[in-house]
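Reader: I would like to go through this model in short questions and answers. Please give the cut-offs as you go.

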Amino acid sequence: MTLTAQQLSAFRSTLGELEKTIIKRQEDNDNFDLNHGHPHETVGELSSYDNHPGDEGTELYEREKDIALHQHLDYELESIQKAMAAMEEGSYGKCHECGKDIPVERLEAIPTALYCKEHSPDQTVSHNRPIEEGVLMPPFGKFFLDEKDENTAFDAEDSWQAVAEWGTSESPSALMNPPDDYNDVYIDYEENVGYTEDFENFTGNDIEGKNVTVYPNKQHELYEQALDEEGTMTTFGDLPAYEHDPYIEE
């Protein structure tokens with residue numbers, strides 16, 4: 001059904017009012033303060049150097065929100081202008097994809113509609129995720145390297161642990177196995193630092209890889225105690241027969 005002149009006039013008036021409203025909103029809030037080059041300018045700061053990361057995060061969030069709202073209003077304004085251009089061309093009220101009439105009820109609900117419901121480009125639900133999730137999810141994202149074979153690099157988890165050593169918001173009661181020291185309340189606090197296997201903390205050799213020496217210390221005592229309790233020669237099981245015999249007494 002072709003729209004009547006009266007209906008077109010009503011929709012033109014509605015679109016005109018929406019356009020004025022959006023333009024006024026943009027002017028009233030100074031385009032969401034996006035004319036400033038950096039968030040610091042909006043809060044009177046000169047740099048990030050002496051600011052708390054929490055404050056920086058708040059400012060970043062607010063700026064991201066401003067950008068999103070600004071883009072949303074720009075999209076609405078663009079849609080209004082396209083609908084008004086379609087009126088001038090005489091194509092308003094017909095789907096730009098299939099050419100069928102757009103129901104009046106749809107135009108009353110969405111005056112900017114240029115497509116019928118079946119061909120609306122806005123009906124697709126986006127599955128795109130924020131790029132930040134590639135870094136943050138799963139925890140530590142692609143910078144978590146523990147699961148890679150033979151990797152000993154200082155990764156994102158290690159970076160977090162280095163900071164967490166100075167305290168977190170957790171408490172011993174939050175952990176299944178509470179540590180003795182309150183400063184050890186963070187993930188994998190018992191993880192070895194600077195070495196992988198426990199015995200690497202108290203063994204060494206010369207520059208040629210010879211003259212293996214054991215340097216007794218607290219870690220060595222705990223290691224020996226753990227082996228004695230398990231009744232085994234190593235943490236990964238007993239040595240094979242050809243290596244086992246030279247290490248035991250008759």
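Reader: Leaving aside neighbours within four places in sequence, with which residues is Asp 155 in contact?

Author: This is a predicted model, in which local features need pLDDT of at least 70, side-chain atom pairs count only at pLDDT 80 or more, and totals for chains, interfaces and linings use all residues. Residues are numbered from 1 along each chain as its sequence is written, and side-chain values use heavy atoms, with hydrogens and water left out. Contact means heavy atoms within 4.5 Å. With neighbours within four places set aside, the contacts of Asp 155 are Phe 143, Phe 144, Leu 145 and Asp 146.

Reader: Is Asp 155 buried or exposed?

Author: Asp 155 sits in the loop between helix H5 (133–136) and helix H6 (156–164); helices are DSSP runs of H or I of at least four residues, strands are runs of E of at least two, and both are numbered from the N terminus. Buried means under 20% relative accessible area and exposed over 50%, with partly exposed in between (1.4 Å probe, protein chains only). The relative accessibility of Asp 155 is 4%, so Asp 155 counts as buried.

Reader: How far does the backbone nitrogen of Asp 158 lie from a polar atom of the side chain of Asp 155?

Author: A polar contact is a pair of N or O atoms within 3.5 Å; within protein, one must be able to donate a hydrogen and the other to accept it, and residues adjacent in sequence count only if both atoms are side-chain atoms. Between the side chain of Asp 155 and the backbone nitrogen of Asp 158, the distance is 3.0 Å.

Reader: Which residues of H7 are buried, and why are they on the same side?

Author: The buried residues are His 220, Tyr 223 and Leu 227. They cover only 65° of arc around the axis, taken from the directions from the helix axis to the C-beta atoms, which puts them on the same side of H7. On the other side, Lys 218, Asp 228 and Glu 229 are exposed. The cover of the buried residues includes strand S2 (213–214).

Reader: Which residue caps the N-terminal end of H7?

Author: H7 spans residues 218–230. A side-chain oxygen lies 3.2 Å from the backbone nitrogen of Gln 219, and the capping residue that supplies this oxygen is Asn 217.

Key: Expected span 1.5 Å × (residues − 1).
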